[in-house]
Amino acid sequence: MTAAIALTITEAQAEDILTRDEIAKLPFMTALAYAEAIDAYCLRDWHYASTDLAAAAITQADLQDKSRSGVEQTREASRLKADKSACEPAKAFVDRVTATILEMQPKMDATLIALKKERAQRDAAQARVARVAQCGHVVAVVKIFLAARWSLANGGYEEELPRCIADLAAMPEAGALLAEAKTLLPQMTERNRVQLGKDRAVPEQSEADPKAIIADWCAKQTEKTALCGEGAK
């Protein structure tokens, strides 16, 4: 999602937050391109592109998720090279835009902060969904191994299941999965304790590849499962 996409709440709640339409119409990148063209083609001994205008253009680029080079604006302003009669109108345009910086820069800054917060919240939500899915996979595998009385000692699940329980405890939406994981943990711990106490009558059992075991289990299923991805072939 780009910065110009709707600000869901903030755009209607605060006067100092710009709407998506206002963001799209910001003129500072264009004004900076013209100011640089004026410096290059109209007033060679004058620095018309001010630092304030450059800062405003950078903020606009961040808000619009665009390159700060302003390729389109630079191409448009380059016409001053061939048409010197456009220098005065260009200067007037830059002056008008520069005069709005004092009012608009704080609004752009506030909007950028709001957008970054929104992005962070979205990224955090996506990370939570991904983690729940990961833990769902761990729980499914542990259930399969316990039901088949296979060893879980060497598959990393001794460490991962407790980590899932700790992570899921902070996710109210994953309450059912958390409860299931908590139920499986003591069963897994006991299974591993018993396994470690046994003589290895079949040594290769504890050395079995967990992925191969799961693949073998999936091959015997008649219905599609989330763990296997597809039904038995």
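How are α3 and α4 oriented to each other? The close-ups below take up this question and a few others. This is a predicted model, in which local features need pLDDT of at least 70, side-chain atom pairs count only at pLDDT 80 or more, and totals for chains, interfaces and linings use all residues. Residues are numbered from 1 along each chain as its sequence is written, and side-chain values use heavy atoms, with hydrogens and water left out.

**View 1. Helix α3 meets helix α4 (residues 51-64).** Helices here are DSSP runs (H or I, at least four residues), numbered from the N terminus. The axes of α3 and α4 come within 8 Å and cross at roughly 140°; axes are lines fitted to C-alpha atoms over the stretch in contact, and angles run from 0 to 180 degrees between N-to-C directions. α3 and α4 are therefore oblique to each other (under 35 degrees is roughly parallel, over 145 roughly antiparallel, 65 to 115 roughly perpendicular, and the rest oblique). Their crossing is left-handed, meaning that the near helix is turned anticlockwise from the far one by less than a right angle. Contact (heavy atoms within 4.5 Å) is made by F28, M29, A31, L32 and A35 of α3 and by L53, A54, A56, A57, Q60, A61 and Q64 of α4. These residues divide into 10 nonpolar, two polar and no charged; Ala, Val, Leu, Ile, Met, Phe, Trp, Tyr, Cys and Pro count as nonpolar, Asp, Glu, Lys and Arg as charged, and the others, Gly among them, as polar.

**View 2. Helix α3 meets helix α6.** Here the axes come within 9 Å and cross at roughly 140°, so α3 and α6 are oblique to each other. The crossing of α3 and α6 is left-handed. Among the contact residues are Y34 and I38 of α3 and F93 and V97 of α6. By class, this contact has 11 nonpolar, one polar and one charged residues.

**View 3. An aromatic pair, Y34 and F93.** Rings of Phe, Tyr and Trp (its six-membered ring) pair if their centres lie within 6.5 Å, with planes under 30 degrees apart stacked, over 60 edge-to-face and the rest tilted. By this rule the count comes to three aromatic pairs. Y34 and F93 are edge-to-face, 5.8 Å centre to centre with 75° between the planes. Y34 lies in α3 (residues 28-42) and F93 in α6 (residues 87-98), so the pair ties together parts that are 59 residues apart in sequence.

**View 4. Helix α7 and its partner α8 (residues 157-168).** At 1.5 Å a residue, the 48 residues of α7 (residues 101-148) should span 70 Å, and its end C-alpha atoms are 69 Å apart, which agrees; the expected span is 1.5 Å times one less than the number of residues. R149 follows α7, with a positive phi near 60°. α7 and α8 pack at about 135°, their axes 10 Å apart, which makes α7 oblique to α8. α7 passes α8 in a left-handed crossing.

Notes: Helices (H or I, at least four residues) and strands (E, at least two) are DSSP runs, numbered from the N terminus.
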